[in-house]
Structure formats: structure tokens, C-alpha cells
Amino acid sequence: MAVALMAMATSLTGCGNGDAPAVPPVAPEAPAVTAEAVGPAAVVVAAPTPPPRTSGLPAFATPYPDSRPTGAQTAANGPDGPGGILSFTTEADPDTVVAWYRQKAEAAGLSSVMAMNQGKARAYGATAADNAATSLRVVADPVDDGSTSVQLTWSVGR
């Protein structure tokens, strides 16, 4: 798992060339908190976490439905074009997450180039046949609480 994450991280190393990011960074928003009176005591109710912004992301790299960001989106614009990293958790299992991204990648014209199963963790990669700089990499790893931690890296090439 660590090797896959390091490989993904190094695939974006050097992407920053001083240009402004093609996609603005996205900071996770804190859930709104309200108080509801219930009998003699007030109960604090947290509103659902809003979904991450998806403007500027390619269709194959949008956050998984009902996912929760675990950090700000990282965006870069390098010699091979814009790209970024998204990290989030979801209640879906790793196989379901990878299948969803495989379907999105293929619908966008990308071809599968890598699949890995290591224990319960899953990884997937795809690139465009006409531009290898257009790529998607997904690592989905189950977490002890039953959710799945996902790291997604993408690039749209030039």
C-alpha cells in the first residue's frame, strides 16, 4: 500500500512550475451545528458535510458520491498539464469504489493500465491512448471503522 501511495505521489512531483493551479484548492467546510430543544435539554445536531466542489475537475476524477473529504484538494499545473490529488472517505467498499472509477475512466476514453489487489486494499490506474499524460490513479483502502479511505490522483495532459 505504501509503495502504491509513494508511486502516486511521485507521479505528480514536479508538477508545480509556478503557474497558478488550473483548479482552485478546495478546503473542506466544517459542518453547520444547530441546537434543537428536546424536553428540558438541548440536543446538538450536526448538519451533513457538504460534498466537495467539483468545478474544474475532469469527469473521470470527481469525488465518489456521498464521500467526505479528508483534506483540501491539491492542484498543480505542470509541463504535462493540470492535475491534482483528492483524499476522502466513503462507506462504499474498495471494490465498489474502484469499479465506479473504472466506469468513469472508460466513459471518458481512458484505458485501464493497472489494477492491484493487496489484502483488502485496491488500486486502479488508467491513461488516455492518445495522451499518456491524461491519467487517473485510485487507491481504496478499508479503514477499521468500516469506511474506505480513498486517494485519487489525476492529470488531464496538454
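This is a predicted model: local features need pLDDT of at least 70, side-chain atom pairs count only at pLDDT 80 or more; totals for chains, interfaces and linings use all residues.
Helix α2 has 14 residues. From its first C-alpha to its last it reaches 20 Å, close to the 20 Å expected at 1.5 Å a residue. Just past the end of the helix, G109 takes a positive phi of about 90 degrees.

Which residues of α2 are buried? They are P94, V97, V98, Y101 and A105. Looking down the helix axis, these buried residues fall within an arc of 95 degrees, so they line one face of α2. On the face turned away from the buried side sit the exposed residues Q103 and A107. As for what the buried residues of α2 pack against, the list runs through β5, β6, β7, β8 and β9.

In soluble globular proteins, nonpolar side chains tend to be buried together. Here, the largest nonpolar core has 20 residues, and V97, Y101, L136, V138 and L152 have the most contacts inside it. At least two residues of this core come from each of β5, α2, β7, β8 and β9. The helix α2 gives the most, with four residues.

Next come the aromatic rings. Searching the whole structure turns up two aromatic pairs. One of them joins Y64 and W100, with 5.0 Å from centre to centre and 70 degrees between the planes, an edge-to-face arrangement. Y64 lies in the loop between β2 and β3 while W100 belongs to helix α2, so this pair ties together parts that are 36 residues apart in sequence. The rings of W100 and Y101 also pair up: their centres are 4.8 Å apart and their planes stand at 90 degrees, so this pair is edge-to-face too. Through these ring pairs, Y64, W100 and Y101 are linked into a cluster.

How buried or exposed are the members of that cluster? Y101 is buried, at 0% relative accessibility. Y64 is buried as well, with a relative accessible area of 11%. W100, at 21%, counts as partly exposed, because buried means under 20%.

One more residue is worth a stop: T90, found in strand β5. T90 counts as buried because its relative accessibility is 3%, below the 20% cut-off. Its side chain reaches the backbone nitrogen of A92 at 3.3 Å. Setting aside residues up to four places away in sequence, T90 touches Y64, P65, S67, R68, V97, S147, T148 and V150. Two of those names have come up already: Y64 from the ring cluster and V97 from the buried residues of α2.

Terms used:
Residues are numbered from 1 along each chain as its sequence is written. Side-chain values use heavy atoms; hydrogens and water are left out. A nonpolar core is a set of buried Ala, Val, Leu, Ile, Met, Phe, Trp, Tyr and Cys residues joined through side-chain atoms within 4.5 Å. Buried means under 20% relative accessible area, exposed over 50%, partly exposed in between (1.4 Å probe, protein chains only). A polar contact is a pair of N or O atoms within 3.5 Å; within protein, one must be able to donate a hydrogen and the other to accept it, and residues adjacent in sequence count only if both atoms are side-chain atoms. Contact means heavy atoms within 4.5 Å. Rings of Phe, Tyr and Trp (its six-membered ring) pair if their centres lie within 6.5 Å; planes under 30 degrees apart count as stacked, over 60 as edge-to-face and the rest as tilted. The expected span of a helix is 1.5 Å times one less than its number of residues. The arc is that of the directions from the helix axis to the C-beta atoms.
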